[in-house]
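Me: I would like to go through some labels and check each one against its definition. Please show the sequence and the structure.

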Amino acid sequence: MYQNPSSPVVVRWLLPAIAGVAAWALGQWMPLASPLLVGLALGVIVVNSPIGRLRIFTGHQAVTKTMLRLGVVLLGLRLSLADIVALGPRALVIIAASVTITFVATVLIGDRLGLDRGLVTMIAVGFSICGAAAIAAVEGGIRRKNEDVAVAIAMVTLFGTAMIVLLPSASGLLGLSSTQLGVWAGASIHEVAQVVAAATTAGAAAVAIAMTVKLGRVSLLAAAYVAARRRDGGQPVDGAKPPVIPWFVVGFIISAGLATLRILPEPVVHIADLATTILLASAMFGLGLGMHLKTLFPVPLRVLGLSAASTATAATVSLGLTAMLF
């Protein structure tokens, strides 16, 4: 019987897209659940179940990378640089210092612990910028083990989730204002959804501040990619040498410029925002399909130690600066 040769390609695109839409829908039902993490969890559940051995759940690597990169391009449309600048020099200092110190401290500690260089770089980028999305954005530009991508995402999810509980509790004990909690959460917590969850305890105003500060960190994604490549020595990856600044990072910068100029109609921005979430959630599903739990656990104590140190660095640096400047 004749078989359409394009069917496998269609399935490779359609399956992650369906998972991405499902993750988005679940995120609407559970507002504090990040669609990216839901998509990742769906992929992990599938690949570690009996159905994960089916052919339709294999060969999604190339599609996953393309979806991720398109999502990163559209992510720039959420970044109005004017809104970030409007936070004032105090917030900009906190953003720049928190990201830089967390990244540098993480790579220094990780290298000292003797961990794989690629894993350390991914943890540094994920914990200092924007969690799983940042890890997925840079992993294609550095030499790394496939299983280390999964480990880095697992760590940023675990420790970011813990921050949802710890930051509001610590804020109450320290007597921080809602503004201070918003700045602290936005400058230290890893995932966007985790930032919202932590800041919600202090009200809508705190959430707005936290989100703007968080997007200030996201705006440094292009710089983080360049830093990761430089740390990797600019060596070829998977037999090819990635460009210094890949097309999706250039697209991210252009999109941020369009968002700053506010020249796109609001309906277009809304559709692009939805497409961003679905593309990134779809890409996370594809990454989840590569996460075989038997290869991830037990997580080495050194990895847990590095993740804890990176989280503590982000939290303490941003807290100290927030207390001094706000």
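Me: Why is Q180 called buried?

Reply: Buried means under 20% relative accessible area, exposed over 50%, and partly exposed in between (1.4 Å probe, protein chains only). Q180 has a relative accessibility of 11%, so Q180 counts as buried. Q180 sits in helix α9; helices (H or I, at least four residues) are DSSP runs numbered from the N terminus. Contact means heavy atoms within 4.5 Å, and, with neighbours within four places in sequence left aside, Q180 is in contact with G175, T322, A323 and F326.

Me: What does the model rest on, and how are residues numbered?

Reply: This is a predicted model, in which local features need pLDDT of at least 70 and side-chain atom pairs count only at pLDDT 80 or more, while totals for chains, interfaces and linings use all residues. Residues are numbered from 1 along each chain as its sequence is written, and side-chain values use heavy atoms, with hydrogens and water left out.

Me: What makes P89 exposed or buried?

Reply: The relative accessible area of P89 is 64%, so P89 is exposed. P89 lies in helix α5. The C-alpha atoms of P89 and L325 are separated by 9.8 Å, although the two are 236 residues apart along the chain.

Me: Which label does T66 get, and why?

Reply: T66 has 30% relative accessibility and therefore counts as partly exposed. T66 is placed in helix α3 (residues 61-75). Between the C-alpha atoms of T66 and F248, 182 residues apart along the chain, the separation is 9.4 Å.

Me: How do you know what span to expect for α5?

Reply: The expected span of a helix is 1.5 Å times one less than its number of residues. Helix α5 (residues 89-112) has 24 residues and reaches 34 Å from its first C-alpha to its last, close to the 34 Å expected. Its buried residues, among them I94, I95 and F103, pack against α6, α9, α11, α12 and α16.

Me: Why are α8 and α10 called roughly parallel?

Reply: Angles under 35 degrees count as roughly parallel, over 145 as roughly antiparallel, 65 to 115 as roughly perpendicular and the rest as oblique. Helix α8 (residues 146-174) and helix α10 (residues 192-199) pack at about 15°, with axes 8 Å apart, where axes are lines fitted to C-alpha atoms over the stretch in contact and angles run from 0 to 180 degrees between N-to-C directions. The two helices are therefore roughly parallel to each other.
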